[in-house]
Amino acid sequence: MDSEPSLKLPHIDFSNLEAGSPKWELAKALVKEALQEFGCFEASFDKVADEVRKGLFEALEELFDLPLQTKLRNVSKKPFHGYVGQYPMAPLFESMGVDDSTIPEKVQSFANIFWPQGNPTFSKVIESYSQQLSELDKMVRRMVVESLGVEKYMEEHLDSTNYLLRVMKYKGPESNDTQLGLHSHTDKNIVTILYQNHVEGLQVQTKDGKWISFQPSPNSFVVMIGDSFHAWTNGRLYSPYHRVVMSGEKARYSAGLFSIPKAGYMIKAPKELVDEEHPLLFNPFDHVEFLQFYYTEAGQRAQSALKTYCGA
């Protein structure tokens, strides 16, 4: 589970960016290059307030410290949206999902599952964090659509998603030997934005099979492409395999803001991105149905669930 110590993710600064400005155009070129080559990058983004970042980890600790029976109340018909724990293949890992985490009423409903009397501090930090960080998701997706020259699909593309905030805890294995916290996988959504505490663990695989260990910083996020955006761009962007490798005693807390295609929305590459040089790679598909296939035995066994499910 070793990684290449000399390899690092590209770093892009999104602070004080205005659409169409020279700084925007420079960042857009860097985003396109990073997502084509690595499928992800490290981002500086100043729109998430310091007190919100700090409050997020306090909220995560409070949530995961609840009794197991209480955490099990977080249920969902969608795979990996509810509570996940006691996972035989990943015993260090547990997670919960906040659907529509940018909508105050939805966050309040999530909090009421665990605190029927209410927990306004928890709800406010989850809602504020999701709303502020969703601006970064939209900026990245705008840049991708612009750089591919398919601006006429901009509004439809941006309106096609909801947000899921997945909050995660990885227990320290209490050993200096490394232990897998979460197995190697690609994300299935549009864009994932990860933020974590100081405990290392995230590793991203390059196209040639080398692993990059991410060095966490309180001032940056990891922006990563999922299979659905890989398909929408007709393979122009790389959807990277990644995993979590743990050692030591400290717990790793992280939060992933996922832009998720809405149920019933068909993911289909714009016709302008299909030509002789770039033949169609994937047939149109519904993300929720694809996700359901991914968690079947056939989906888990497939080398590429996306190709197996809807490859052209």
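**Ground rules**

I number residues from 1 along each chain as its sequence is written, and since the model is predicted, I ask for pLDDT of at least 70 for local features and 80 or more for side-chain atom pairs, while totals for chains, interfaces and linings use all residues. My side-chain values use heavy atoms, with hydrogens and water left out.

**Entry 1: the seven-stranded sheet**

I began with the strand order, and read S1-S2-S9-S6-S11-S4-S3 for an open sheet of seven strands with mixed pairing. For the labels, helices (H or I, at least four residues) and strands (E, at least two) are DSSP runs numbered from the N terminus, and two strands pair if DSSP finds at least two bridges between them. At the edges I found strand S1 (11-13) and strand S3 (93-99), each of which pairs on one side only. From one strand to the next, the twist averages 25°. Angles here run from 0 to 180 degrees between N-to-C directions, with axes as lines fitted to C-alpha atoms (for helices, over the stretch in contact).

Next I looked up what packs on this sheet, and noted helix H1 (residues 22-37), which touches S1, strand S2 (40-44) and strand S9 (220-225). The direction of H1 makes about 145° with that of S2. Contact means heavy atoms within 4.5 Å.

I then followed two pairings in the sheet. S4 (residues 161-170) and S11 (residues 252-261) run antiparallel and are joined by ten bridges; one of the residue pairs is Met168 with Ser254 in S11. S1 and S2 run parallel, with three bridges between them, and His11 stands opposite Glu42 in S2.

**Entry 2: is S2 buried or exposed?**

S2 is mostly covered, as five of its five residues are buried. Buried means under 20% relative accessible area, exposed over 50%, and partly exposed in between, with a 1.4 Å probe and protein chains only. In a regular strand the side chains alternate between the two faces of the sheet. For S2, I listed Cys40, Glu42 and Ser44 on one side and Phe41 and Ala43 on the other, all of them buried.

**Entry 3: the four-stranded sheet**

I also found an open sheet of four strands, ordered S5-S10-S7-S8, with antiparallel pairing. Its edge strands are S5 (175-185) and S8 (211-213), each pairing on one side only. Neighbouring strands here are turned by 25° against each other on average, with direction ignored.

S10 (residues 242-248) got a closer look. Five bridges join S10 to S5 in the antiparallel sense; Leu180 stands opposite Val245, and Gln179 has Met246 as its bridge partner. S10 also pairs with strand S7 (residues 202-205), antiparallel, over three bridges, and there Leu202 partners Val244. Six of the seven residues of S10 are buried, so S10 is largely enclosed by the rest of the structure.

**Entry 4: the nonpolar cores**

A nonpolar core is a set of buried Ala, Val, Leu, Ile, Met, Phe, Trp, Tyr and Cys residues joined through side-chain atoms within 4.5 Å. I counted 72 residues in the largest one, where Phe14, Val31, Phe41, Leu63, Tyr129, Leu133 and Leu136 touch the most other members. Helix H5 gives the most to this core, with eleven residues. Leaving out residues up to four places away in sequence, Leu133 touches Phe45, Val48, Ile193, Phe221 and Leu257.

**Entry 5: two single residues**

I looked up Asn119 in the loop between helix H4 (104-114) and helix H5 (120-147). Asn119 counts as buried because its relative accessibility is 9%. Its side chain makes a polar contact of 3.0 Å with that of Glu62. Such a contact is a pair of N or O atoms within 3.5 Å; within protein, one must be able to donate a hydrogen and the other to accept it, and residues adjacent in sequence count only if both atoms are side-chain atoms.

Tyr294 sits in helix H8 (residues 287-294) and also counts as buried, because its relative accessibility is 11%. Not counting residues up to four places away in sequence, Tyr294 touches His183, His185, Lys188, Gly299, Gln300 and Ala305. Tyr294 and Leu306 are twelve residues apart in sequence, and I noted 8.2 Å between their C-alpha atoms.
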